[in-house]
Amino acid sequence: MTTQLVADLVQRAAALIPERGRAVLGVTGPPGAGKSTLAAAIVSGVGPAAALVPMDGFHLSNQVLMSLGRRERKGAPDTFDAAGYAELLRRLRRAEPGTVYAPDFDRTLDEPVAGSIAVPPEVRLVVTEGNYLLLAQAPWPDVTSQLDTTWYIHLDDDERRRRLTARHERHGMDPAAARAWTAGTDEPNAVLVRAARDRADLVVELPAG
């Protein structure tokens with residue numbers, strides 16, 4: 001990710017800030033494409049007028065996923081509280097007078113953590129990132145309807161899978177398990193996300209390496 005690319009995207013994001021109210025920018029793309037890193041860089045570049053609210057805060061807990069028989073598919077569309085996510089984005093777009101608190105995801109705990117992100121009234125641009133912002137199947141269109149614009153992040157698939165596998169290893173998986181999770185769980189989700197690429201307002205090509 002080059003410095004110039006980030007600078008250009010920061011400028012684009014800052015231009016979305018309305019004279020009144022609040023705008024919501026969605027950053028999407030397949031698992032491992034670099035959404036979190038880019039979204040954080042955009043928020044840092046825009047400054048105090050922007051806040052990052054990730055979709056991952058709406059993961060269902062591991063206990064709930066086990067009760068539903070979905071733990072081994074964690075990260076699939078039906079392992080998130082999409083309706084709750086859409087409602088939070090709706091509140092953020094309304095620019096309520098008080099601070100709105102959003103959940104975050106702790107990768108060390110591998111669990112969502114409620115009330116972790118404060119979005120005060122002075123924030124004028126909310127950047128939200130996640131895999132399924134443009135997914136056509138219900139209830140995800142309720143999420144899409146709360147986004148003023150959506151950017152799709154593309155990274156070479158081999159590099160993306162390499163990064164995903166390395167991330168799984170950093171969070172405790174042995175190499176064989178990390179490769180298996182990337183291929184068996186992440187990749188079907190990536191196929192779903194790629195199918196929605198044409199619905200994005202902007203496609204951002206990230207260089208590998």
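Q: Where is P139 found?
A: P139 sits in the loop between β5 and α5 (140-144). Helices and strands are DSSP runs, numbered from the N terminus; a helix is H or I over at least four residues, a strand is E over at least two. This is a predicted model: local features need pLDDT of at least 70, side-chain atom pairs count only at pLDDT 80 or more, and totals for chains, interfaces and linings use all residues. Residues are numbered from 1 along each chain as its sequence is written, and side-chain values use heavy atoms, with hydrogens and water left out.

Q: What kind of peptide bond joins A138 and P139, cis or trans?
A: The bond is cis, with omega about 5°. Most peptide bonds are trans, and most residues other than glycine have a negative phi.

Q: What is the phi of D110, and where is D110 found?
A: Phi of D110 is near 60°, a positive value in a residue that is not glycine. D110 belongs to the loop between β3 and β4 (111-119). At 24% relative accessibility, D110 counts as partly exposed.

Q: What makes K74 count as buried or exposed?
A: Its relative accessible area is 7%, so K74 is buried. K74 lies in the loop between α3 (62-68) and α4.

Q: Which residues are in contact with K74, leaving aside neighbours within four places in sequence?
A: Contact means heavy atoms within 4.5 Å. On that test K74 is in contact with H59, N62, L65, T79, F105, D110, W181 and T185.

Q: How do you know whether the span of α4 agrees with its number of residues?
A: The expected span is 1.5 Å times one less than the number of residues. The 13 residues of α4 should therefore span 18 Å, and the end C-alpha atoms are 19 Å apart, which agrees.

Q: Which residues of α4 are buried?
A: They are A82, Y85, A86, L88, L89 and L92. They cover an arc of only 160° around the axis, so they lie on the same side of α4. The arc is taken from the directions that lead from the helix axis to the C-beta atoms. What covers these buried residues includes β1, β3, β4, β5 and α5.

Q: What is the strand order in the open sheet of 5 strands?
A: The order is β2-β5-β1-β6-β7, with parallel pairing. Two strands pair if DSSP finds at least two bridges between them. β2 (50-52) and β7 (202-205) are at the edges; each has a single partner strand, so one side of each is left without a neighbour in the sheet. The twist averages 25° from one strand to the next. Axes are lines fitted to C-alpha atoms, for helices over the stretch in contact, and angles run from 0 to 180 degrees between N-to-C directions.

Q: How many bridges join β2 to β5?
A: There are 3, and the two strands run parallel. A50 stands opposite L125 in β5. Helix α4 (residues 82-94) packs on the sheet, touching β1 and β5, and makes about 165° with the direction of β5.

Q: How many bridges pair β6 with β7?
A: There are 4, in the parallel sense. W151 stands opposite L202 in β7.

Q: What describes two packed helices?
A: The angle between their axes and the distance between the axes describe them. For α1 and α2 (residues 35-46), the angle is about 65° and the axes are 9 Å apart.

Q: Which way is the crossing of α1 and α2, left-handed or right-handed?
A: A crossing is left-handed if the near helix is turned anticlockwise from the far one by less than a right angle, and right-handed if clockwise. The crossing of α1 and α2 is right-handed. V6, L9, V10, A13 and A14 in α1 meet L38, A41, I42, G45 and V46 in α2.

Terms used: Buried means under 20% relative accessible area, exposed over 50%, partly exposed in between (1.4 Å probe, protein chains only).
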